[in-house]
Amino acid sequence: WSLPTEVRAAGDALTVRYDSPPAWANGANCTSYTDGAAELRRHILATFPGITSIGGYKCRANSANPSETSVHGVGRALDVMISPVNGRANSTIGDPIANWLVRNAAEIGVQYIIWNRVRWSGSRMPRVAPYGGPNPHTDHIHVELNLDGARRRTPWFQVRRVGQHEFDAESSPSSNLNIVDRTAYSPKDKRKKIRKIDEVYALVLHQSGFSRGNDTSRYDKVTGHFAILPNGTILQLHPLTAYLYASNGFNKGSVAVEFVGNFPNTNGKCYQPEKFGCHQVTIEQIQAGRGLVLHLMKTIGLTHVLAHRQSSGSRGNDPGPDIWYRVGQWAVNKHGLKDGGPGFKVQSGKAIPDSWRSWKA
């Protein structure tokens, strides 16, 4: 990692307090991801392309000082995973992320970074130095938050809290939809037949179960009429008149929208995170999803919003509590759309859980 001159100078001018983790005590002081780490994770995933996944929580002792709990064990450290190229760190992907973290370290509360054999410290001199630990960090960026950052008490988090109102069930959707037409590139054999538009009454919410970032060309084979990327871009993959095998028993009268990501259930667990990653829905996706609801109400007379789990017994977390509450339940509460009511399902599906209807996580 070779820091550009202006990044190095910006980092040298900063001082960020370093907060040591507590004693190891055989794991007694381990916690879980802090709010600050979770929010920083969501922002990095939504902003920077090419990331394989972001993890980092593990209850263990500090490898450099076994008497301490690892910063990973108290939820203040992230590992931003980036696949190497020909056995070497992918600087094209990793350097912009690491440089952004340095520039904004004081605003965020970033106390320490390791990337590609180099470390940056907000409290040690020199700020930048070679890293000689046993793991060269060529496949991931290690980033630590101090206590203020972990508790979202720093300026960066305070500014973002204004945007958190977009997650409120009564907040406004995006009024400037960015819909990219990809219908010419999506496989035509997914369109099983043509239907009349006046037969379409429902929007079925899905999660894709994976993410390929914000590259608009990497979702053409997704079986859905729309896909919403982490940055809020909406891809239209198929015409609304196309009958797709997307939503099981709802196929005939519905439009399917896939929110890109592998999102957690009510227990915070994602499906096979080691393979598909584990993501958090972004503010931009929620805004775009709400905007799409209003767009379809206006253009095709949408009357229902449904969850894929209601028509498929194997899709129990589809779309998941975050998307349902912030888009589906918002549409029900705010705009009077119907979801079939408590207990409603078709075929092998499962009803929307009560916990999804009042989800606040």
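**Conventions.** I worked on a predicted model, in which local features need pLDDT of at least 70 and side-chain atom pairs count only at pLDDT 80 or more, while totals for chains, interfaces and linings use all residues. Residues are numbered from 1 along each chain as its sequence is written, and side-chain values use heavy atoms, with hydrogens and water left out.

**Count.** I looked for disulfides, taking as such a pair of cysteine sulfur atoms within 2.5 Å, and the structure holds two. With the bonded cysteines numbered in sequence order, I noted the pairing as 1-2, 3-4.

**Cysteine 30 and cysteine 59.** I found the sulfur atoms of this disulfide 2.0 Å apart, and the link is right-handed, with 85° about the S-S bond. The pair links distant parts of the chain, 29 residues apart: cysteine 30 lies in the loop between helix H1 (5-12) and helix H2 (35-47), and cysteine 59 in the loop between strand S1 (53-55) and strand S2 (77-81). Helices (H or I, at least four residues) and strands (E, at least two) are DSSP runs, numbered from the N terminus. I then checked accessibility, where buried means under 20% relative accessible area, exposed over 50%, and partly exposed in between (1.4 Å probe, protein chains only). Cysteine 30 counts as buried because its relative accessibility is 17%, whereas cysteine 59, at 36%, counts as partly exposed.

**Cysteine 270 and cysteine 278.** I recorded a disulfide joining these residues, with an S to S distance of 2.0 Å. Their link is right-handed, with 60° about the S-S bond, and both cysteine 270 and cysteine 278 are buried.
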